[in-house]
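The sequence and the structure should be kept in view while reading.

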Amino acid sequence: IRYTRQGSVQVECAVRGARLAITVRDTGIGIPPESLEEIFTEFHQLANPERDQKQGLGLGLAIVRRLAGLLDHTVEVQSVPGAGSVFTVEVPLDRVAAVGPDAPQRLDGAGVVAVLIDDNPVILMGLRALMEQWDYTLLTAESCEEAVTELARAARAPDVIVADYRLREERTGTQAIHTIRARFGAHIPAVMLTGENSPECVHDSKTEGFTILHKPVEPEQLRRTLAAAARTADL
């Protein structure tokens with residue numbers, strides 16, 4: 001996006017035999033042929049000779065190649081200066097057994113209202129996109145106060161609370177959970193998403209009765225934890 005001032009950036013997927021090709025295609029400034037290998041070098045940036053860190057550190061593609069190598073995935077790049085570039089990563093396809101109607105647990109969030117609280121808007125956006133795929137009805141907020149405002153506007157209590165532990169102004173997710181529960185006079189199930197494992201967080205989980213999941217969390221683990229919390233709310 002940074003190098004595509006006009007035109008488009010597209011993300012595409014295509015099956016190639018037993019592999020899936022994930023392609024990012026842009027109509028940007030392109031890369032000279034002699035630099036196609038250099039761009040994967042750590043700290044190398046073609047359009048940043050002054051080493052302005054506001055334009056990044058030049059580590060992105062180096063990390064991509066390193067991870068792809070560890071996972072035995074291939075990375076390809078094609079580019080025409082002035083016309084754009086195409087990056088492709090190939091990953092192996094897997095087969096997942098379909099879940100039949102007699103599945104022992106219901107994992108979708110249809111009919112469940114969740115409030116998400118995280119002071120990082122990128123994480124908040126990612127969680128929202130993920131949980132909307134699971135049919136949850138969502139209210140999002142970057143602080144406890146904003147969450148209370150959104151719940152007041154919705155005029156109903158959430159079925160489950162999902163919160164980060166460290167919030168703005170030295171507030172915690174524990175305080176947000178306690179505030180929302182006190183407002184609605186109910187022990188609303190809660191899930192704490194955090195990147196730390198501090199004694200305070202562990203202590204709070206025992207006293208306030210919420211589940212801790214550590215970032216980065218696997219989507220399936222989050223989905224099952226939310227489903228279990230939603231079932232608790234129904235009891």
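With a relative accessibility of 40%, E132 counts as partly exposed. The model in which this value was computed is a predicted one. The partner of E132 is R128: the two form a salt bridge whose closest N and O atoms lie 3.0 Å apart.

A second pair reaches across the chain. E145 forms a salt bridge with R171, and here the closest N and O atoms are 2.7 Å apart. This pair links distant parts of the chain, 26 residues apart: E145 lies in helix 3 (residues 144-154), while R171 lies in the loop between strand 7 (160-164) and helix 4 (173-184). E145 is partly exposed at 43% relative accessible area, and R171 is also partly exposed, at 26%.

Within it, the side chains of E90 and R19 meet in a salt bridge with an N to O distance of 3.4 Å. Because E90 lies in strand 4 and R19 in strand 2, the pair ties together parts that are 71 residues apart in sequence. Which of these two residues is buried, and which is partly exposed? E90 is buried, with a relative accessible area of 11%, whereas R19 is partly exposed, with 24%. In total, the structure holds 13 salt bridges.

Strand 2 (residues 19-26) and strand 4 (residues 84-92) run antiparallel and are joined by seven bridges. In this pairing, I22 stands opposite V89 of strand 4.

The view may now be widened to the whole protein. Its secondary structure amounts to six helices and nine strands. Of its 235 residues, 35% are buried. Among contacts between residues at least 6 apart in sequence, 58% join residues at least 24 apart. The protein exposes about 14400 Å², of which carbon and sulfur atoms supply 55%.

Terms used:
Residues are numbered from 1 along each chain as its sequence is written. This is a predicted model: local features need pLDDT of at least 70, side-chain atom pairs count only at pLDDT 80 or more; totals for chains, interfaces and linings use all residues. Side-chain values use heavy atoms; hydrogens and water are left out. Two strands pair if DSSP finds at least two bridges between them. Helices (H or I, at least four residues) and strands (E, at least two) are DSSP runs, numbered from the N terminus. Buried means under 20% relative accessible area, exposed over 50%, partly exposed in between (1.4 Å probe, protein chains only). Contact means heavy atoms within 4.5 Å. Accessible areas come from the Shrake-Rupley method with a 1.4 Å probe; for residues, only the protein chains shown count as cover. A salt bridge is a side-chain nitrogen of Lys or Arg within 4 Å of a carboxyl oxygen of Asp or Glu.
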